[in-house]
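Subject: Structure handover

Hello,

Here is the structure I promised you. Please open it next to this email and follow along.

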Amino acid sequence: MKRIPRILTGAAVGVLALMSLPGCVAEGYGGGGDVGYVGYVGGVYEPGGYEYGRWGSGYRVGPPRGGVRGSGGRPAPSIPRGPRGGSGHRSGNGH
Amino acid sequence: MLNIRTQLMDLSRRRSLPGRNGFASTRVPQVLCALLLAYAAAPAAVHAAMGAAVVLPALTQPASGEHHVGKVVWADLVTPDVDGAKRFYGGLFGWTFRGVPGEQNYALALLDGEPVAGMVRKASPTGQSMQPAWLTFLAVRDVAAAQQVAVQHGGKVLSQEHYYPHRGRQAVLADTDGAVFAVLAAEGGDPPDYLASPGEWIWSSVLVKDPKQETDFYKSLLGYDVYDLASEGGGEGDAQHFILSSDNYARAGLNSLPADSMRRRPHWLNFVRVTDAAASAKKAVALGGRVLVEPRLDRHGGSLAVLADPSGAPFGVMEWSDTDTKQEPQ
């Protein structure tokens with residue numbers, strides 16, 4: 001019985017010791033303790049004030065339906081068409 | 001009281017006599033036992049102390065074990081206003097949100113209770129007018145190798161490889177034109193290929209100044225099979241459109257920026273599947289967003305539009321239906 005308080009005391013000390021390890025203190029998302037992506041200067045954020053621009057009538061960005069031939073004559077593939085299968089949970093992107 | 005005093009005196013005597021009872025034989029097991037007990041009793045604290053505080057969900061639950069290099073597998077919105085973004089995207093797509101352990105500045109967006117995107121709160125640098133953006137994550141097998149290949153082919157590493165438990169290893173890169181994207185080696189594998197449901201990401205495009213050079217970059221980095229679709233003109237000069245594919249699926253488009261692109265930065269643009277692009281654009285405006293490109297018929301026969309959320313981050317909405325009777329515009 002005498003050992004129980006000693007072990008509990010040790011446990012408390014252990015928790016405090018682990019939490020106070022300066023080299024192991026958790027960093028924020030991206031690391032380095034900053035908010036967001038640390039060391040990521042001028043990256044994700046784009047300069048303000050730019051216009052998105054005009055897309056002409058022939059400007060295409062969408063995926064082909066399949067069968068559309070590229071310049072080499074090969075039919076370009078389309079995006080995945082099948083239904084979500086299996087019993088697993090969805091997460092991430094299916095495309 | 002007396003008992004406690006006796007114990008303290010006893011403890012004091014033991015500390016003043018380090019040789020007594022033999023530290024190795026008595027104290028070490030006690031300390032080890034205490035540490036083990038602490039680890040069991042306070043896993044969150046120990047977990048945090050080991051430097052793994054941010055717990056992002058795995059891309060696939062259970063693990064898929066599949067790998068689809070080059071597939072767009074995730075997107076994070078980097079914005080100074082996560083709360084505003086929640087209201088906007090929640091209203092537009094029906095996303096709901098929850099936090100993640102260990103990070104107050106990150107929120108998960110969910111569709112039908114499953115993660116669909118992330119949102120990172122990042123304040124704009126003081127004195128600078130900057131625009132928030134969505135960060136596109138591409139699947140790789142080896143992040144370190146991807147960093148190396150990117151640099152070898154003229155890209156940059158903007159944020160070095162970092163490991164997140166359950167999620168995997170990721171790094172933020174820029175291509176040779178400066179378009180920013182991330183690579184992710186997912187711990188449990190990549191999501192299987194399936195047709196995205198409304199409210200999920202369905203397509204991505206990278207708009208660059210030099211598409212030919214960029215196809216070489218992405219081909220080297222991710223092993224894409226590249227298809228050069230016929231140039232149809234951008235209205236202000238020819239606009240090139242390449243399809244980047246892997247596993248015999250189109251993974252992303254690669255477009256030249258429209259001719260007056262001197263003022264625009266190359267960037268990745270992600271599209272969420274919607275049932276009605278025009279209605280989504282209207283709703284986005286009602287929620288405080290803007291329409292950057294009006295709804296228009298595109299190559300796949302459905303409509304798409306480019307919108308901006310209230311903080312200015314651009315994203316697309318795109319219709320897709322296998323029963324679509326619309327013809328591809330000529």
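Start with one definition: two strands pair if DSSP finds at least two bridges between them. Helices (H or I, at least four residues) and strands (E, at least two) are themselves DSSP runs, numbered from the N terminus.

Two housekeeping points come next. This is a predicted model, in which local features need pLDDT of at least 70 and side-chain atom pairs count only at pLDDT 80 or more, while totals for chains, interfaces and linings use all residues. Residues are numbered from 1 along each chain as its sequence is written, and chains are lettered from A and ligands numbered from 1 in the order in which they are written.

The two chains

Chain A has one helix and one strand. Of its 95 residues, 36% are buried. Buried has a cut-off: 20 or more other C-beta atoms lie within 10 Å of the residue's own, with 12 or fewer for exposed, partly exposed in between, and C-beta atoms placed from the backbone.

Chain B has seven helices and 17 strands. It holds 330 residues, and 48% of them count as buried.

Now look at contacts. Two residues are in contact if their C-beta atoms, placed from the backbone, lie within 7 Å. Take the contacts in chain B with a separation of 6 or more: residues 24 or more positions apart account for 62%. In chain A, among contacts between residues at least 6 apart, 0% join residues at least 24 apart.

The sheet in chain B

Chain B contains an open sheet of eight strands. Its order is β2-β3-β4-β1-β6-β9-β8-β7, and the pairing is mixed. Why do β2 and β7 of chain B each have one side without a neighbour in the sheet? These strands, 96-100 and 156-164, stand at the edges, so each has a single partner strand. The twist averages 30° from one strand to the next. For such angles, axes are lines fitted to C-alpha atoms (for helices, over the stretch in contact), and angles run from 0 to 180 degrees between N-to-C directions.

Now walk through some pairs:

- β3(B), residues 103-111, runs antiparallel to β4(B), with six bridges. Leu108(B) has Gly118(B) in β4(B) as its bridge partner.
- β1(B) and β4(B) are parallel, over four bridges. Here Leu77(B) is partnered by Met119(B) in β4(B).
- β1(B), residues 72-79, and β6(B), residues 133-139, are antiparallel over six bridges. Ala75(B) sits opposite Thr136(B) in β6(B).

Is β4(B) largely enclosed or open? It is largely enclosed by the rest of the structure, because seven of its eight residues (114-121) are buried.

The core

In soluble globular proteins, nonpolar side chains tend to be buried together. The largest nonpolar core here has 90 residues. Such a core is a set of buried Ala, Val, Leu, Ile, Met, Phe, Trp, Tyr and Cys residues joined through C-beta atoms within 7 Å. Val140(B) and Leu184(B) have the most contacts inside this core. Strand β9(B), residues 180-186, gives the most to the core, with seven residues.

Leu184(B) touches several residues beyond four places away in sequence, among them Val73(B), Trp74(B), Phe137(B) and Val140(B).

Trp134(B) is in strand β6 of chain B. This residue is buried because 24 other C-beta atoms lie within 10 Å. Setting aside neighbours within four places in sequence, Trp134(B) contacts Ala75(B), Leu77(B), Asn270(B), Ala313(B) and Phe315(B).

Most residues other than glycine have a negative phi, and most peptide bonds are trans.

- The peptide bond from Gln61(B) to Pro62(B) is cis, with omega near 0°. Pro62(B) lies in the loop between α3 (43-49) and β1 of chain B.
- Asp112(B) takes a positive phi near 55° in the hairpin of β3(B) and β4(B), which has two residues between the strands.
- His166(B) is not a glycine, yet its phi is positive, near 80°. Find His166(B) in the loop between β7 and β8 (168-174) of chain B. It is partly exposed, with 15 C-beta neighbours inside 10 Å.
- Asp247(B) also has a positive phi, about 55°, and is not a glycine. Its loop joins β12 (241-246) and β13 (249-256) of chain B. Asp247(B) is partly exposed, with 15 other C-beta atoms within 10 Å.

Best wishes
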